[in-house]
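Open the model in your viewer and keep the selection tool at hand. Each stop below gives a selection and says what to look for.

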2 protein chains.
Amino acid sequence: MSLSLDLLGDRWSLLIVRDMMVRGYRTFREFQRSGEGIATNILADRLHRLEAGGVVDREAAEDGRSTHYRLTEKGIALAPMLLELLIWGAHHEDSDAPCAAIEQMEQNRAAVLAETYRRWKERDPAPLLPPFRSSTEPAAAPAAASNRRTSK
Amino acid sequence: MSLSLDLLGDRWSLLIVRDMMVRGYRTFREFQRSGEGIATNILADRLHRLEAGGVVDREAAEDGRSTHYRLTEKGIALAPMLLELLIWGAHHEDSDAPCAAIEQMEQNRAAVLAETYRRWKERDPAPLLPPFRSSTEPAAAPAAASNRRTSK
DNA sequence: ATTTTTAGGTTGCAAAATGCAAGCGAACTG
DNA sequence: CAGTTCGCTTGCATTTTGCAACCTAAAAAT
């Protein structure tokens, strides 16, 4: 496990993986602007390390100028761990998390993971959970059969 | 989640929590000698931060000289996440992990977590998985609710 | 065909975190 | 009383981080 933490045990790596997995982020810019404020040199370094560690892959986008980062099989396999961390954080740290959504995930772990894996396999870039506060569009229906948008 | 990583997102914090949870470590010395080689100043700092973050508690030991660190409710709640990380690491990083034991944990998540929680509640310092060896022995199996330990 | 914008970085530098070895005070032990 | 164990702290060198500025290549706009 110490080897795992060599790769993932820092302030940013898991945040990047989470952004790829649940928010569907793919490009350098998206990570950069994801609100937490990572410096560009650190972001570049982390992406390289994750690539070297076999957690992400980079591929040129169709438009020719941007690069798309994508989780590998090894990377998407972090989903269960990340889900548990998300739940733990919602309960014990993040007071601003959308409680109803989290509770639903908690009671529907398998479905959430299945949906996460499907989105990865089909390269579906839609966010797993829609952006927190200003979501008025009923676009993305995340987890399982029973899904209802409950605001905070 | 970024708040969670403020507290846990570094090379050592999760390793300390794991040592408390699965190896039953309690004292400064035990953490220090746990093989990974953390410097004493860093260890002291991490223990303080984990205490400040409400993940561990410190209590004076009976012998008067040593201190016992113990996971709080919030700390033991990290068990599901840590179990998933352990499994992920065994599959994708740690080639030296005891594969059979891991596989058993994987198919028995709920029981492993129940046993972990019991050990915490009863202050049972026995390691969850004994120092690495073959897992064909039923006595070492932590999974079942049957337990005959007479500590305390 | 030039300019402008966008994307994905690199570089230099200061500040903070880390690793290492040594030492320190209090509590027990002989 | 001397010596050991325990949980740290201190000083110092090295490494990592954060910040801002800058760079190149390609697409878009003019």
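Predicted model: local features only at pLDDT ≥ 70, side-chain atom pairs only at ≥ 80, totals over all residues.

**Stop 1: DNA strand D.** Select DNA strand D and the residues around it. There are 19 of them. The closest come from both protein chains: G64(A), T27(B), F28(B), A44(B) and S66(B). Now colour by element. In chain A, α4 (40-52) gives two or more residues to this surface. Then colour by residue type: the surface divides into 9 polar, 6 charged and 4 nonpolar residues.

**Stop 2: chain A against chain B.** Select the contact between the two chains. Chain A puts in 26 residues, and chain B also puts in 26. Stay on the chain A side. Here α1 (2-8), α2 (13-22) and α6 (79-92) each supply at least two residues. Which element has the largest share? Pick α6(A), with 9 residues. By type, this side of chain A holds 12 nonpolar, 8 charged and 6 polar residues.

Stop 3: Most residues other than glycine have a negative phi. Select R123(A), in the segment after α8 (109-121) of chain A. Its phi is positive, about 55°, although R123(A) is not a glycine. Is R123(A) buried or exposed? Exposed, because R123(A) has 10 other C-beta atoms within 10 Å, and 12 or fewer counts as exposed.

Finish on R123(B), in the segment after α8 (109-121) of chain B. R123(B) has a positive phi of about 55°. R123(B) is exposed, with 12 other C-beta atoms within 10 Å.

Terms used:
Residues numbered from 1 in each chain as written. Chains lettered and ligands numbered in written order. Near = placed C-beta within 6 Å. Helix = DSSP H or I, 4+ residues; strand = E, 2+ residues; numbered from the N terminus. Nonpolar A, V, L, I, M, F, W, Y, C, P; charged D, E, K, R; others polar. Contact = placed C-beta atoms within 7 Å. Buried ≥ 20, exposed ≤ 12 C-beta atoms within 10 Å, placed from the backbone.
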